[in-house]
Amino acid sequence: VSAGSGCAWTATSNAAWITISSGASGSGNGTVNYLVAQNTSTSARTGTVTIAGKTFTVNQAGVPQAGTPTISKGGVVNAASYIPASLSAGAIARGSFFSIFGTDLGPAQWVQATSYPIPTVLGEVSVRVTRGSSSFDAYPVFVSTTQINAVMSSSAPAGDAQITVTYRGRASAPM
């Protein structure tokens, strides 16, 4: 908090799962720390913290439902180098192979594409690439419960994009 000397302020939470752990009030410059309790529900939730009259929103995802695909943090990688796609050296070019690592991504017994044209759904798994309002399907060539290898569509949008895996009708959170 940046405030003039002698200027009093407070910090409050509107949600029981967000607690002010220190700095609930002060005068002049100060620091507010807060804790967010783990969300054990499958539903996302939103709360706010108000500090010195300014409101900040806290969004917390729910726990994925059992069997819902989950992409590991840093789990989208360039298949040639295994450098995470989030790093510029790990960028995934249109038409290139990339890998996705996580849990419940596909069937326990792996499935691979065996003929051309490569389908956009393999073993009940699909991979969607979204940038803004544009979305394109990738072409999975290998799918399993913990790994997917796919080809990026040549029509995929350039720049930062989100990847979503869908398996048996359940979609992962975007990564």
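The model is predicted, so local features need pLDDT of at least 70 and side-chain atom pairs count only at pLDDT 80 or more, while totals for chains, interfaces and linings use all residues. Residues are numbered from 1 along each chain as its sequence is written, and side-chain values use heavy atoms, with hydrogens and water left out.

I begin with the cores. A nonpolar core is a set of buried (under 20% relative accessible area, 1.4 Å probe, protein chains only) Ala, Val, Leu, Ile, Met, Phe, Trp, Tyr and Cys residues joined through side-chain atoms within 4.5 Å. The largest one has 18 residues, and Ile100 and Val127 are among those with the most contacts inside it. Strands S7 (70-78), S8 (97-103), S11 (125-131), S14 (147-151) and S15 (162-167) each supply at least two of its residues; strands are DSSP runs of E, at least two residues long, numbered from the N terminus. Another core, of nine residues, lies apart from it and includes Trp9 and Val32.

Ile100 touches, with heavy atoms within 4.5 Å, Ile71, Val127, Ile148 and Ile163, among others, not counting residues up to four places away in sequence.

I turn to strand pairing, which requires at least two DSSP bridges between two strands. S11 and S15 run antiparallel, joined by six bridges; Arg128 has Thr164 in S15 as its bridge partner. S15 also pairs with S16 (residues 170-171), antiparallel, over two bridges, with Tyr167 opposite Arg170.

Finally, Lys54 lies in strand S6 (residues 54-60). Its C-alpha atom is separated by 9.3 Å from that of Ala11, 43 residues apart along the chain.

Terms used: Helix = DSSP H or I, 4+ residues; strand = E, 2+ residues; numbered from the N terminus. Buried < 20%, exposed > 50% of the residue type's maximum accessible area, 1.4 Å probe, protein only.
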